[in-house]
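Please examine the sequence and the three-dimensional model shown below. The paragraphs that follow take the reader through its charged pairs, a sheet, a helix and the confidence of the prediction.

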Amino acid sequence: MIRIKTAILMISLLLLSSCIPVNTSSQTNDNIVTPKASKHSVQGTWGIESKEQIADSSNGKADLEKGDELYFDPELVLMKSRYTTTPVFSSKYVNGKNYFLYKYGNHEAVQAQIDKNLEVISISDGERFYQDILMLDHNTILFVYSGYLYRAKRKSDTVDKNLITEYIALDREILSGSKSLERIDTALLLGIRTADEIEGRSVNNYHTYFIRKNEEGNITVYLTRDLFIPRQNSYWTAEHFMDYTKEPLEVIKAKDIGIKEDSKNSLSSKNKLITTFVDPNYISYMDTKEGEPGSDYNMKELDNLSGEPLKITDLAGATGLKILSETTSKEAAGLGIDPKEIDVQEEVENIGIVRENGKWVFATNLHYEKEGSVKTKKVNLNIVPNNDIDMDSEKNFSWAKIKNMVPDAIDAVSSPKEDLIVIQSPDELLIYSHEDTVYPIASIPLYGSSSIVMEEWASERFSSLWEEAFKSTERIPVEYSINQ
């Protein structure tokens with residue numbers, strides 16, 4: 001009997017301790033207690049009751065409006081034109097006001113948000129869908145999308161099963177291949193670096209092409225300055241420019257296009273900064289002195305450009321460090337250098353990503369002294385990143401096939417569904433469809449020495465979303481021809 005009473009007492013204490021509220025009011029950003037609920041609070045059907053800009057926005061109009069319905073279910077999340085049938089829900093508690101200040105800055109609309117601990121539910125599908133939902137109470141939610149703050153009210157705790165069945169069937173049709181390749185709506189954001197000579201100095205300019213082939217096979221091409229980057233639930237730009245305020249500095253600045261206020265998320269150098277790779281999370285660049293050896297690669301998180309460069313161990317762990325050591329030692333021996341002269345610990349930040357034969361590869365610059373001068377050699381590193389770098393090095397085409405299609409090809413990118421190939425020659429971009437790899441369906445002239453630094457693909461519903469966002473930027477005229 002004593003044992004039974006003791007067991008009951010222990011269980012009661014455990015249950016009581018699980019109900020103690022967590023005090024996170026002193027924490028300043030997204031903090032950290034994960035609710036243990038089998039059913040997420042946001043599940044059900046909701047109606048949008050208000051929409052408010054949280055900043056001066058250049059992100060165009062969002063397609064969500066007052067009165068629209070939202071649906072959240074383990075098998076379907078539907079927010080008008082955005083949906084996923086494979087949602088993953090995670091949640092944590094944050095201070096509501098601090099959350100908005102941390103995420104969206106000191107805007108007037110943010111100041112009114114509730115200064116107490118609230119549940120934030122993050123929804124993603126591992127591809128292009130991502131959304132944070134802030135639960136004000138059981139019947140009220142807040143969320144930010146495309147530069148606007150939305151408030152919605154619960155209409156039901158469930159989602160219509162017929163709606164779920166309809167969207168699951170639509171996704172299965174696409175995934176099963178019953179939708180032919182020539183009928184797939186595909187979009188590409190292609191970032192290009194072009195080197196020009198201005199007053200005897202080499203200058204790099206950056207542009208982004210938006211290329212779309214819709215279900216009817218029609219090609220659309222737009223062009224904008226800078227690198228236009230699709231992120232989880234927003235669009236950013238990476239801008240390159242010279243700052244002559246005090247002394248000439250080359251600057252890379254990244255910011256959300258929905259927020260016009262000046263961004264402090266930037267890096268600067270007296271040396272030339274050459275971007276070699278950008279994806280939704282990271283940027284790789286080379287910091288090099290004009291006309292001098294000793295340039296280094298660097299990688300940084302896109303939303304922390306002022307932070308320290310990532311190390312090889314950040315990207316690929318201890319295995320990456322081992323491969324860096326072994327590869328540089330082998331290269332040094334091949335150059336007639338004593339491998340002991342290579343200090344690997346000095347090179348752990350000298351890591352970047354570059355294009356080579358239609359693939360993204362990791363690289364470092366090996367610096368060595370020979371015949372009285374310092375020389376530099378690019379060395380590829382066969383490492384596999386242990387984080388979310390979007391390299392996609394396994395292409396669905398062979399480089400030999402590309403060279404057979406275009407003998408003077410410099411580079412090429414192919415859509416994940418294999419319905420579109422864009423090949424770069426010395427003076428143009430050639431666009432091929434899946435059904436005809438002999439004759440390009442369109443071509444875009446290039447001027448100057450150009451290199452691909454970004455490729456981001458979308459299909460189906462995301463193609464039109466990307467186009468609307470891209471059209472809201474300050475576009476520049478683009479030449480291209482459609483081959484009938």
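In this predicted model, the structure holds 15 salt bridges. Side chains of opposite charge can pair when their charged atoms come close. One of these pairs is formed by Glu 69 and Lys 155, whose closest N and O atoms are 2.5 Å apart. The pair links distant parts of the chain, since Glu 69 belongs to strand 2 and Lys 155 to strand 9 (residues 148-156), 86 residues apart. Glu 69 is partly exposed, at 28% relative accessible area, whereas Lys 155 is exposed, at 52%; the cut-off for exposed is over 50%.

A salt bridge also joins the side chains of Glu 247 and Lys 270, with an N to O distance of 3.7 Å. Here the connection runs between two loops: Glu 247 lies between strand 14 and strand 15, and Lys 270 between strand 16 and strand 17, 23 residues apart. Glu 247 is partly exposed, with 37% relative accessibility, and Lys 270 is exposed, with 61%.

Glu 331 and Lys 377 meet through their side chains at 2.9 Å, N to O.

Asp 185, Arg 212 and Glu 467 are linked in a network of salt bridges. Glu 467 is one of the buried residues of helix 7. This helix, residues 461-471, is mostly covered, with 8 of its 11 residues buried; among them are Phe 462, Leu 465, Trp 466 and Phe 470.

Four strands form an open sheet in the order 13-14-15-16, with antiparallel pairing. Strand 13 (227-230) and strand 16 (266-269) stand at the edges with a single partner strand each, so one side of each has no neighbour in the sheet. From one strand to the next, the twist averages 15°. Strand 13 pairs with strand 14 (residues 235-243) over 4 bridges, and Phe 228 stands opposite Thr 237 in strand 14.

The last topic is confidence. The protein chain averages a pLDDT of 81, and 81% of the residues score at least 70. Among its elements, strand 2 has the highest mean pLDDT (96) and helix 1 (residues 2-18) the lowest (39). The pLDDT is below 50 over residues 1-38 and likewise over residues 56-60. Where pLDDT is low, the predicted coordinates should not be read in detail.

Terms used: Residues are numbered from 1 along each chain as its sequence is written. This is a predicted model: local features need pLDDT of at least 70, side-chain atom pairs count only at pLDDT 80 or more; totals for chains, interfaces and linings use all residues. Side-chain values use heavy atoms; hydrogens and water are left out. Two strands pair if DSSP finds at least two bridges between them. Axes are lines fitted to C-alpha atoms, for helices over the stretch in contact, and angles run from 0 to 180 degrees between N-to-C directions. Buried means under 20% relative accessible area, exposed over 50%, partly exposed in between (1.4 Å probe, protein chains only). pLDDT is the predictor's confidence in each residue, from 0 to 100. Contact means heavy atoms within 4.5 Å. A salt bridge is a side-chain nitrogen of Lys or Arg within 4 Å of a carboxyl oxygen of Asp or Glu.
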